[in-house]
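Please keep the viewer open as you read.

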Amino acid sequence: MEKFYLEELSILRKNEFIDYLNEFVDSYNKEYIINNIVNKYLNNNNGITYIDGCPSRTFLLIRKNDNRIIGTLNIRLSLNENLLKFGGHIGYGIRPSERGKGYSKINLYLGLIKTKEFNLNKIMINTEVNNIQSNKTLVSLGGNLVRTEIDTSNNMLNNIYWFDVNECLEKYNKVYKIYI
């Protein structure tokens with residue numbers, strides 16, 4: 001059985017992280033990604049970066065069997081007015097070649113454990129309405145859909161979910177504990 005854990009993003013996995021990002025890059029400017037995204041997250045202060053002015057921590061989802069980066073997870077430790085409306089406490093992703101295997105649920109479950117460690121007991125996550133897989137993941141881990149609204153910054157329709165972290169961890173512990 002495959003096992004997973006979250007590891008804080010660090011310079012030690014810079015090349016692996018670039019490889020991970022390359023799966024998301026089609027015609028997008030790779031130099032921009034390396035200079036702006038990689039350096040922003042790898043050369044930060046004690047693991048804390050700022051998203052829209054809010055402190056956040058970034059983690060890698062590592063598959064123990066082959067020590068491969070499977071996904072990323074970012075936790076915003078507090079939310080300003082903008083992130084409270086769209087953005088939320090957690091952003092996560094799975095590398096394209098590993099999608100469709102249930103890893104996003106494991107990633108989110110591990111993220112819920114981390115939010116509890118950061119004393120976040122109620123969290124918000126949003127996703128675009130047309131991202132069917134993400135919506136299924138959020139619902140499957142106990143997300144409560146509270147509103148659907150257009151994000152005027154990109155004109156995308158989003159579903160906004162709230163989670164009671166303790167309730168979700170208790171309810172899904174037996175399902176996902178076997179993967180950690």
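## Helix α4 against helix α6

Helix α4 (residues 103-117) and helix α6 (residues 165-176) have axes that come within 10 Å and cross at roughly 135°. Axes here are lines fitted to C-alpha atoms, for helices over the stretch in contact, with angles from 0 to 180 degrees between N-to-C directions. The two helices are therefore oblique to each other; angles under 35 degrees count as roughly parallel, over 145 as roughly antiparallel, 65 to 115 as roughly perpendicular and the rest as oblique. The crossing of α4 past α6 is left-handed, a term used when the near helix is turned anticlockwise from the far one by less than a right angle, with right-handed for clockwise.

On the α4 side, the contact (heavy atoms within 4.5 Å) is made by K105, I106, Y109, L112, I113, T115 and K116, and on the α6 side by V165, N166, C168, L169, Y172, N173 and Y176. Sorted by class, this contact has 9 nonpolar, 3 polar and 2 charged residues. Ala, Val, Leu, Ile, Met, Phe, Trp, Tyr, Cys and Pro count as nonpolar, Asp, Glu, Lys and Arg as charged, and the others, Gly among them, as polar.

## About the model

This is a predicted model: local features need pLDDT of at least 70, side-chain atom pairs count only at pLDDT 80 or more, and totals for chains, interfaces and linings use all residues. Residues are numbered from 1 along each chain as its sequence is written, and side-chain values use heavy atoms, with hydrogens and water left out.

## Helix α4 against helix α5

The axes of α4 and helix α5 (residues 132-140) also come within 10 Å, crossing at roughly 45°. That makes this pair oblique as well, and the crossing is right-handed. S104, K105 and L108 of α4 meet T137, L138 and S140 of α5. Here the residues divide into 2 nonpolar, 3 polar and 1 charged.

## The chain as a whole

The protein chain has 6 helices and 8 strands, taken as DSSP runs numbered from the N terminus (helices H or I, at least four residues; strands E, at least two). Along the sequence they follow the pattern β-α-α-β-β-β-α-β-α-β-α-β-β-α.

Of the 180 residues, 43% count as buried, meaning under 20% relative accessible area, with exposed over 50% and partly exposed in between (1.4 Å probe, protein chains only). Among contacts between residues at least 6 apart in sequence, 64% join residues at least 24 apart.
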